[in-house]
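Biologist: Could you walk me through reading burial, contacts and pockets?
Modeller: Gladly; let us look at the structure together.

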Amino acid sequence: MTLRSLLRPVNPADLVSVTFFLFLTALNLVFHTRVAEWFILVPVNLTVVVFIFFLAHRAEAKKTPFLINLHRWYLYPNILFIYKQLYFMVRPIHPVDYDNLLIAIDRWMFGVDPTVWLAQFSHPILTEILQIAYSSFYLLFIILGVQVYRHHSRKEFDNATFMIVYGFYLSYLGYFLLPAVGPRFTLHDFHLLDRELPGLLLTEPLRAFINWGGAVPMNAPNPVDFVQRDVFPSGHTQLSLVAVYCAFHYCVAARWTLAILVSLLIIGTVYLRYHYVIDIVAGVAFFFFTIWTGWRIIAWWDGWRMQHSHKNG
C-alpha cells in the first residue's frame with residue numbers, strides 16, 4: 001500500500017489525531033525514564049493510530065451506516081482518552097508549576113487577584129448557575145455535533161469536528177509548556193471551597209465530578225499533588241468559543257443558546273476559581289489561532305486529496 005492510498009480516505013480530523021498520537025508516542029519514548037507508564041502508552045497509542053486508518057478505509061469501502069457513524073463520532077471519546085493520558089505525562093516531563101508566573105501576570109494587569117476580588121460578589125444562586133454552565137462543557141460539543149450532523153453534509157460535519165479536535169490538541173500543548181494547577185489550590189484553600197462558594201442543589205456534586213475528572217482524590221490532604229496540570233490555556237474558554245463559532249458558521253438552531261451558555265461558562269472559569277484571567281486571555285488567543293490555522297489546514301488537505309484523485313483518474 002502506498003502512502004497516497006493509505007491517506008486517501010482520511011479526513012482532516014483523522015490526520016491531526018494520528019499526528020498527535022505519534023507526537024505523544026515520540027514524547028513517551030524520549031522521556032521514557034520519566035514517564036513510568038510509557039511501555040503501556042506507546043503500544044496503546046500506536047494501536048489507536050492503526051485503528052484510525054483501518055476505520056477510515058472500512059467506512060469508505062463498506063459505506064454502512066454503522067461504520068460511517070463510528071468514523072464520524074470516535075473522535076469525541078478520543079479527546080477524553082488523550083486528556084487522561086496527559087495526566088501520566090505532563091508533570092513527569094515538565095515537573096514545574098508556573099502558577100506564580102500566572103498570578104504575577106494577573107496582578108500586573110489588575111492590581112489584585114481576580115478570584116479573590118470576585119469573592120465579594122459570590123451568592124449561592126450565582127454560584128449554582130455558573131457551576132452548571134461550567135460543567136456543561138462537554139455537552140456543548142455533543143449538541144453542536146448532533147445539530148451539524150442532522151442538517152449538514154458529511155464534509156461540513158468533518159470540518160466542524162476537525163476544528164474541535166484540533167483545538168483540543170493545541171490546548172494540550174499548552175499544558176506541556178506551562179503546567180499549572182489554578183487559583184483554587186494556590187490563592188484559596190481547596191478544602192474550604194464548598195464553604196466559601198456554596199451553591200444550591202447541584203454545585204457540590206458537579207464540583208465533585210469535575211474534581212474526579214481532574215484526578216483529585218476525595219478527602220486527600222494534599223490534593224495539589226494529584227490534580228491534573230491543565231490550567232494554561234483555558235481549554236474551557238478556547239474550545240467553547242470554537243463551538244460557538246461553528247454553531248454560528250453552520251447556523252445551527254441552538255447557536256444563541258450555546259452563546260449564552262458559553263458566556264456564563266467563561267465567567268465561571270474565574271469566579272469558580274478554576275482559572276486565572278491570563279488563562280482566559282490565552283484561551284481567546286488560542287481560539288483565534290485555531291480558526292485561522294484550522295481553515296488553512298482543511299484547504300491544504302482538500303487540495304492535496306483533489307490533486308491526487310485527479311492523478312489517480
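**Residues and pockets**

Modeller: T25 touches V42, N45 and L46, leaving out residues up to four places away in sequence, where contact means heavy atoms within 4.5 Å. This is a predicted model, where local features need pLDDT of at least 70, side-chain atom pairs count only at pLDDT 80 or more, and totals for chains, interfaces and linings use all residues. Residues are numbered from 1 along each chain as its sequence is written, and side-chain values use heavy atoms, with hydrogens and water left out.

Biologist: Is T25 buried or exposed?

Modeller: Buried means under 20% relative accessible area, exposed over 50%, and partly exposed in between (1.4 Å probe, protein chains only). T25 counts as buried because its relative accessibility is 5%. Its place is in helix α2 (residues 12-30); helices are DSSP runs of H or I with at least four residues, numbered from the N terminus.

Biologist: And how should I read F248?

Modeller: F248, in helix α15 (residues 235-249), is partly exposed at 28%. F248 touches R255, W256 and A259, again not counting residues up to four places away in sequence.

Biologist: Which residues lie nearest the centre of the largest pocket?

Modeller: A pocket is an open set of points on a 1 Å grid over the protein atoms alone, where a 1.4 Å probe fits, with protein on both sides within 12 Å along at least five of seven lines; lining residues have an atom within 4 Å of a point. Here 36 residues line the largest pocket, and L80, Y83, F137, Y138 and H236 lie nearest its centre. Among the elements giving two or more residues to that lining are α5 (75-87) and α15.
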